[in-house]
Each structure stands twice: as structure tokens, then as C-alpha cells.
Amino acid sequence: TDSTPMLFISGQVKTSDSSADLGLRQLGFQEIPITEVVKPITKKAVLIEGANDFVTVFENLLELSKSDRPGPVWIDIPLDIQNQICHIPEKQWHRQTDPPPPNLASEVTDLISVLTESERPLFLLGNGIRLSGTLDSVEKSLRLVGIPTLLTWKMIDFFDEEDSLNA
């Protein structure tokens with residue numbers, strides 16, 4: 001929920017020991033359907049079905065963890081697949097180009113319009129501010145407009161507890 005990209009990699013019982021096809025909750029005490037457990041709290045959770053799937057799944061999930069709203073992803077690897085040779089294709093790695101900048105003038109104009117029409121505006125600041133590296137400019141802007149601000153857990157240290165802007 002705090003928009004922090006993370007990649008979790010866990011181990012699983014051997015594919016042959018899995019209870020998935022038996023209609024059981026689990027076959028042994030070491031098995032847990034972790035991908036099903038974490039699906040509601042991750043952007044995506046995947047159980048690897050073959051060694052050669054790992055590279056593609058890994059690359060896709062790593063990119064997914066950082067795209068749009070960043071967040072956690074999970075890869076679960078059965079023990080027998082962990083022990084297999086994984087063939088990694090050779091690639092040319094290219095740095096992605098940054099997307100074109102948004103039309104900030106238009107967005108700022110729209111924001112000012114909404115704020116001037118608001119009776120009791122309130123900001124909610126989250127970890128995206130920290131991740132974007134704009135802490136100083138956001139603080140200056142907030143002090144300029146004087147609008148009270150709520151802070152998410154990852155931003156709790158942004159304002160002092162007694163700061164007049166800290167709602």
C-alpha cells in the first residue's frame with residue numbers, strides 16, 4: 001500500500017509433492033499455497049512451473065513492481081525447479097527512455113482551480129512524494145498555500161508533530 005517496489009522470491013515443495021491436483025489444503029507441513037495467500041496484497045504472485053519460465057517471469061514481475069503504481073510482486077519456486085538448469089537467452093540490454101513529461105502548466109492550472117473552489121481542502125501525502133525525490137519542493141508549496149496535510153505511515157516524518165500543516 002505504500003507504493004514501494006519489492007520482489008519476493010520463495011521456495012516451495014517439489015512439484016511431485018504438491019497437493020494442488022489432489023484437492024487437499026496441503027500434503028505436508030512445509031507446503032503452503034503462498035501465491036494464493038499473497039495475491040490480495042501484491043501486484044502479482046506467480047508459481048514457477050518450469051526452470052525456463054523463471055527468466056521471463058522474473059523480468060516481467062520486476063518491471064511490474066516498478067511500473068504504474070509501484071508495489072510488491074512474488075515468485076514462488078518449487079524445489080525440483082530450483083535444482084534445474086535455467087537457460088538464459090543472451091540479450092541486448094537497453095536503458096528505457098523516460099516517458100514524455102506531462103503538461104504541467106495545464107495540470108497546475110486545474111489544481112489551482114479546484115483548490116480555490118474548495119471550502120476545506122486537505123492534502124493526503126504518501127510515499128510517492130519521497131520516491132519522486134520532491135520532498136523539498138512539495139514542502140515549500142504546502143507552506144506557500146497553507147493547506148492542512150494528512151500523512152501516510154511512510155511519510156509520518158515529513159512534518160513535525162506540532163507543525164501547523166500536520167493535520
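These are my notebook entries on one predicted model.

**Entry 1: the whole chain**

I began with the overall make-up. I counted 6 helices and 5 strands in the chain. Then I read along the sequence and wrote down the pattern β-α-β-α-β-α-α-β-α-α-β. I looked up burial next. Buried residues make up 26% of the 167 residues.

**Entry 2**

In what order do the strands of the open sheet stand? I found 3 strands in the order E1-E3-E2, and the pairing is parallel. Strand E1 covers residues 6-12 and strand E2 covers 44-47; both stand at the edges. Each has a single partner strand, so one side of each is left without a neighbour in the sheet.

A general point belongs here. Strands of a sheet pair through backbone hydrogen bonds, either parallel or antiparallel.

Next I went through the pairings. E1 and E3 run parallel and are joined by 7 bridges. Met6 has Pro72 in E3 as its bridge partner. The chain goes from E2 through helix H2 to E3, and this β-α-β crossover is right-handed.

On the other side I looked at E2. It pairs with strand E3, residues 72-78, in the parallel sense over 4 bridges. Val46 stands opposite Ile75 in E3. Leu47 has Asp76 in E3 as its bridge partner. Helix H2, residues 53-66, packs on the sheet and touches E1, E2 and E3. The direction of H2 makes about 165° with that of E3.

**Entry 2: strand E3**

Then I sorted the residues by the way they point. Pro72, Trp74, Asp76 and Pro78 point one way from E3. Val73, Ile75 and Ile77 point the other way. In a regular strand the side chains alternate between the two faces of the sheet.

**Entry 3: an aromatic pair**

I searched the whole structure for aromatic pairs and found 3. One of them is Phe8 with Trp74, and this pair is stacked. The centres are 5.0 Å apart, with 20° between the planes.

Trp74 has 15% and counts as buried. The cut-off for buried is under 20%.

**Entry 4: Lys43**

Where is Lys43? I found Lys43 in the loop between helix H1 (34-38) and E2. Its relative accessible area is 31%, so Lys43 is partly exposed.

I listed its contacts, not counting residues up to four places away in sequence. Lys43 touches Leu64, Ser67, Arg69, Pro70, Gly71, Pro72 and Val73. For Arg69 I also noted a distance. A polar atom of the Lys43 side chain lies 2.9 Å from the backbone oxygen of Arg69. Leu61 is 18 residues from Lys43 along the chain, and their C-alpha atoms are separated by 8.7 Å.

**Entry 5: Thr149**

My last stop was Thr149. I found Thr149 in strand E5, residues 149-151. Its relative accessibility is 0%, so Thr149 counts as buried.

Which residues is Thr149 in contact with, leaving aside neighbours within four places in sequence? I wrote down Leu122, Phe123, Leu125 and Leu142, along with Phe159, Leu165, Asn166 and Ala167.

Methods
Residues are numbered from 1 along each chain as its sequence is written. This is a predicted model: local features need pLDDT of at least 70, side-chain atom pairs count only at pLDDT 80 or more; totals for chains, interfaces and linings use all residues. Side-chain values use heavy atoms; hydrogens and water are left out. Two strands pair if DSSP finds at least two bridges between them. Contact means heavy atoms within 4.5 Å. Axes are lines fitted to C-alpha atoms, for helices over the stretch in contact, and angles run from 0 to 180 degrees between N-to-C directions. Buried means under 20% relative accessible area, exposed over 50%, partly exposed in between (1.4 Å probe, protein chains only). A crossover is right-handed if, with the strands pointing away from the viewer, the path from the first strand over the helix to the second runs clockwise. A polar contact is a pair of N or O atoms within 3.5 Å; within protein, one must be able to donate a hydrogen and the other to accept it, and residues adjacent in sequence count only if both atoms are side-chain atoms. Rings of Phe, Tyr and Trp (its six-membered ring) pair if their centres lie within 6.5 Å; planes under 30 degrees apart count as stacked, over 60 as edge-to-face and the rest as tilted.
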